[in-house]
Amino acid sequence: MADTPKTKKSKNLNRTPEQKQKQPTSPPDHLIVPSTPNSSLRRSIRLTATATPPPPSSLQKSPHSTAKPPRNYQNAPKSPSFTISISPTSPEPTESKKRRKNTENQDMDLEKKRILRSAKANAIKSKKRMYYKKVVFDGVEFSAGDDVYVKRREDASSDEEDPEVEECRVCFKPSGRRIMIECDDCLNGFHLKCLRPPLKDVPEGDWICNFCTARKSGAMVKFPEPPNGKRLRTAREKLLSSDLWAAHIESLWKEADGTYWFRARWYIIPEETSSGRQPHNLRRELYQTNDFADVEMESIIRHCYVMNPKEFAKAGNEGDDVFLCEYEYDIRWRSFKRIAEIDNNDEDGEEADGDEDWNSCEGSDPDTEDNIEYEEENKRSTLTGPSSAHPMAANSRKGRIFGLQKIGAKKIPEHVRCHKQTALEKAKATLLLATLPKSLPCRDKEMDEITAFIKGAICDDQCLGRCLYIHGVPGTGKTMSFLSVMRNLRSEVDAGSIQPYCFVEINGLKLASPENIYTVIYEALSGHRVGWKKALYSLNERFSNETKCRKEEIRPCILLIDELDLLVTRNQSVLYNILDWPNKPNSKLIVIGIANTMDLPEKLLPRISSRMGIQRLCFGPYNYLQLQEIILSRLRGIDAFEKQAIEFASRKVAAVSGDARRALEICRRAAELADYRCKRLPSLSNSAATGKVLVGMADVEVAIKEMFQAPHIQVIRSSSKLSKIFLAAMVHELYKTGMGETTFEKLAMTVSCFCTSNGETFPGYDILLKVGCKLGECRILLCEPAAKHKLQKLQLNFPSDDVIFALKDSEELPWLAKYL
Amino acid sequence: MARESPAEQAQVLVKSRICNPNFIFSIFSNPPDSNYSKLKYIISSSLTEACNNSVLLLGPRGCGKVAILELVLEDLLEEYPDMISVIKLNGLLHCDHNCALKEISRQLCQEHQLLFSKMASFDDNAQFMVSMLRECGLAHKTIIFVLDEFDLFAQGKQLFLYSLLDAMQSVTSQAVVIGISCRLDADQLLEKRVRSRFSHRKLLFLPPSREDTERLLEHILLLPTNSSFPHEYVTAFNVKLLKIFADYKFKEIVDTLSYSDSTVNHLQRFLFSTVSHMDLKSGLLSLENFKAALSTIQRQPKLEVLKDCSILELYILVCMKRLEAKEQELRNFNAIMKEYKSIHDTFQTSNYYARNVCLRAFEHLLQRELISFEDNRGHGQSAEFRPVKLLISRPELYQGLKSYPSCPAILHKLMDRDG
């Protein structure tokens, strides 16, 4: 433990972090150049100011000398020893076939090594392995989750003189105190002063060196020859020219014979994928594979840093060994998939929970991998399409979904990378309902109340009868506020200020039947899936059993039921059962129900409403100021909307429903319309090119109309002549009799009257009937089935004023106006 | 097999054009304010910007909602290969939520070559859908759900729509829900919480205007000049057609056609019948063909049924009519027989048939739906005693009698008397 921080510290000291301001430059536009994602800080700024003495590379050491006793046991998992039957050979064949392109003797080496290792592995399979979270190896600390360079060849002698510090490509001196800039194309480093003409500052955006620009324009360029004849390649260059591997350390362990091993998850460079380097790949891009191998610690060279795009954009001073990884590459299906960031967090959380999960999934891995390998072999020999060897159907869950790894893009689509978002597109993205806002404005009071309620309930020893009923119209942030409260509480649990609890979230509308809720709750609490009757029995036992003194064991459980009104059955037993549990002395259950209607408890049986209706929280509809604030908070920093336009949208929505989703959708639709306008209409594109297109009142108005108005007026206007006459006759009949409903016989009389007195041909009853039915199909009319013929009842579905408005100034039939 | 003559080939070509909605609607795809480009923009922008969207295509039947959508999807599949999976559901088949989700899983499995299990429960399928949405989103794939007859999905508790739209409320998913409905108030049918999750893009499909109809006619009927047909034939055909198009009589025909129904669908059927009437000897379309097609397409089924009736049946209908005019309460077979008898007694007609013959005529009328029982109750009762009502109005009956070739004069007189 003692020397670990020291090495780290000295490393950190040696690198001087420095921040740069940037001037805007226009990126070259003659070819598609992917811009570094979200580059607020650019990778090209390289600040390896002083030479770091490279730690003696580990490869020359014999195994026994490396076996330093790891000192940080306290970080190791609580149950450090268990047996796992990993067959380390499994991923190797594909590995060797894929990676080996240049030399055959490597194959031999690997082959040898593999045999050796598998023999060894078989021998010690039964013995115990010690798993660690951190291992100090050669004075460098490696922990699970780090990324490292791994030697590709055993005999690589050149690795000895592996330089840690990159030299300037022109003067061949290490960077020293001077700033170096990295070409975004060839990744060579240059001193600012060595460039022709010399640069003063690091420019913003992507920068390409003179050599590359010259080469692109067709000229033959020679880089200056290094003074000592042989240029040393950095680890990064070796990796990118596939002489090294990069791997992610999944786990570390010590074998029984004292050697240290780690489980590596390989990274792969774009050239090694099936689709090769794609034009929009970044130079420093790597792909994570789903390919694992057990590797001895000896073959590690040193750390490198593989980051997701966000970290990559932020990273400033990690030096040369920084890589970007956004996608996972499936070596079996040769497809790409984005790595979900949210997921990783979740998994971290789960890992902290218990080792059993981790353990078991480790244990199951060899099987699947064997399987994969086997199938891959099969596929190669037959070259058939998808293998049908999957034993499990994809949609029957039983704990996991099978075959999802098949899904993936064969290539990363270009538009994902090479597209610069305009302000409008950014606005559209932030206005999406799915994007979680950073903050929830205007719901502070309600959130405080929920927090107080839950805290009170958890801290209370008995927590008797804790039910909260939350109601409010849709789109007022009920569920979202509650979930954000839960997130806040979770961080408090992590900090240790409140005791842990479990949280079960159920949506009433997603249950197949109300009784199904027992199954879902039971599954969430215990992990087993049983029928609802059995689940109800076990839940009853769990919540009401007083004899078992397991008070300490049971965590308080928060049960969130969204769309509570869906659980109302005929005898309301489901709701009664659920709301009765909190009243049991040892249940430690807190029920929170969310629904739209305010008076749901009153509609229920008294024994239920007395259990639920005591504590309520109302989410009122947003008023226009709040809606405006919500929209503005999302659009912060994006200049795409006129201020009045937002106000107009929020006023309109506040007047109708106060639904935040609606307001956001209107704004998004308005942005879409504006975007469409400037993209598709060539006459307006000039203004789009010169100035920015702002979303104005007109767009918002169109969006509002689209959302709130039925398009019946347009349909009536464009319908056939006879249907217009038909509708006019309907209105006429309505005014004459004062009755909304009429029969087809009467109406046909009126229509034939109209026609004969105005010189139109009366087409006959059957055609008229058909026209009426067509109108009924569009629900402009409400009508009975046509089989009733002359007795068919008809009624206008829209206000007669709308019909009059639509028909009044019809050009085809000017005489209609006199009947309206 | 003998080589077909150019006329036959031309007929086949035009017929196949008429039956291919993609061809017909391709002329509507150019202008920027067309539904085609709007829809394409909505879908492709949600493709490239990785967002969720939902659109409703509304409009009367036969205006090309599905056809335009198919065109757009076809283009997009070409433009972005391997990035789109289309799931098609129909409200008539999958209005039940269980069945809809199962169908989605089935199509997803088929699309991605996964094994599908029929036994999976609602929960399993819902979970499968959610995780598929996520995985596809991560792989930059968009799932497009096409819900035909959207209004039928909005029955009942709308569990399916809710779970579908709620699954789309996540950043990782990329999906577009396209609802197609001829009900203009389809979005009002949604429950509040479902509506709140629906992004209300609406595209309205309208019947083509007069000018569009003319363009469409030329687009469909004119033969291509650069094809395998003999050159002289093509020019002759096209010249003849253009002459017909310019004729005012033809314009009248189009007017009468669009007078009652101006949708593309209607036009299509009209043209198909025209082309079927084409004279294969000359190989050219004539005005008579169009006229003949118009008369076949504007049928008057009730009048035609009347024409097929026997004289006795006409008697029964007139009797019914008289009973209705007298506003007699109970109108069943016995009452009709009484009336029939009284007519016979007063006018001494030659057509008097026995009761059982009349009963058969009566039953025949029932089958023809010229009359029907008043209500559905009393199935046990024999037909003679159940009250019946007339399903044909007086003017129609009058017209029918007039056009009946050998109608007894007495019936005309009777009709005139009470009218």
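Q: OK, take Phe160(B). Is it buried or exposed?
A: Phe160(B) is buried, at a relative accessible area of 3%. Buried means under 20% relative accessible area, exposed means over 50%, and partly exposed is in between, with a 1.4 Å probe and protein chains only.

Q: Before we go on, what kind of model is this?
A: This is a predicted model: local features need pLDDT of at least 70, side-chain atom pairs count only at pLDDT 80 or more, and totals for chains, interfaces and linings use all residues. Residues are numbered from 1 along each chain as its sequence is written, chains are lettered from A and ligands numbered from 1 in the order in which they are written, and side-chain values use heavy atoms, with hydrogens and water left out.

Q: Back to Phe160(B). Which helix does it lie in?
A: Phe160(B) lies in helix H8 of chain B, residues 159-167. Helices (H or I, at least four residues) and strands (E, at least two) are DSSP runs, numbered from the N terminus.

Q: And what does Phe160(B) touch?
A: Leaving out residues up to four places away in sequence, Phe160(B) touches Leu89(B), His97(B), Ala100(B), Leu101(B), Ile104(B), Leu147(B) and Phe153(B). Contact means heavy atoms within 4.5 Å.

Q: How far is Phe160(B) from Tyr233(B)?
A: Their C-alpha atoms are separated by 56 Å. Along the chain, Phe160(B) and Tyr233(B) are 73 residues apart.

Q: Zoom out. How many helices and strands does chain B have?
A: Chain B has 20 helices and seven strands. Its radius of gyration is 29 Å, well over the 22 Å that the globule rule gives for 419 residues, so chain B is more spread out than a compact globule. That radius is taken over C-alpha atoms, and the rule is 2.2 Å times the number of residues to the power 0.38.

Q: What box do the C-alpha atoms of chain B fill?
A: Roughly 90 × 65 × 45 Å, taken along the principal axes.

Q: How much of chain B is buried?
A: Buried residues make up 57% of the 419 in chain B. The accessible surface of chain B is about 17,800 Å², and 53% of that belongs to carbon and sulfur atoms. Such areas come from the Shrake-Rupley method with a 1.4 Å probe; for residues, only the protein chains shown count as cover.

Q: What about charges in chain B?
A: There are 49 positive and 50 negative side chains in chain B. The centres of the two sets lie 5 Å apart. Lys and Arg count as positive, Asp and Glu as negative; His and the chain ends are not counted. Each charge is placed at NZ of Lys, CZ of Arg, CG of Asp or CD of Glu.

Q: Now chain A. What is its secondary structure?
A: Chain A comes to 28 helices and 22 strands. Of its 820 residues, 50% count as buried. The accessible surface of chain A is about 38,500 Å², with 54% belonging to carbon and sulfur atoms.

Q: Where is Phe482(A)?
A: Phe482(A) is in helix H13 of chain A, residues 478-495. At 0% relative accessibility, Phe482(A) is buried. Beyond neighbours within four places in sequence, its contacts include Ile450(A), Phe503(A) and Leu560(A).

Q: How many disulfides does the structure hold?
A: Zero, over all chains. A disulfide is a pair of cysteine sulfur atoms within 2.5 Å.

Q: Last topic: phi. What is the value for Glu563(A)?
A: Near 50°, a positive value in a residue other than glycine. Glu563(A) lies in the loop between strand S17 (557-562) and helix H16 (573-580) of chain A. At 4% relative accessibility, Glu563(A) is buried.

Q: And phi of Asp82(B)?
A: Near 70°, again positive in a residue other than glycine. Asp82(B) is in the loop between helix H4 (65-79) and strand S2 (84-90) of chain B. Asp82(B) is partly exposed, with a relative accessible area of 42%.
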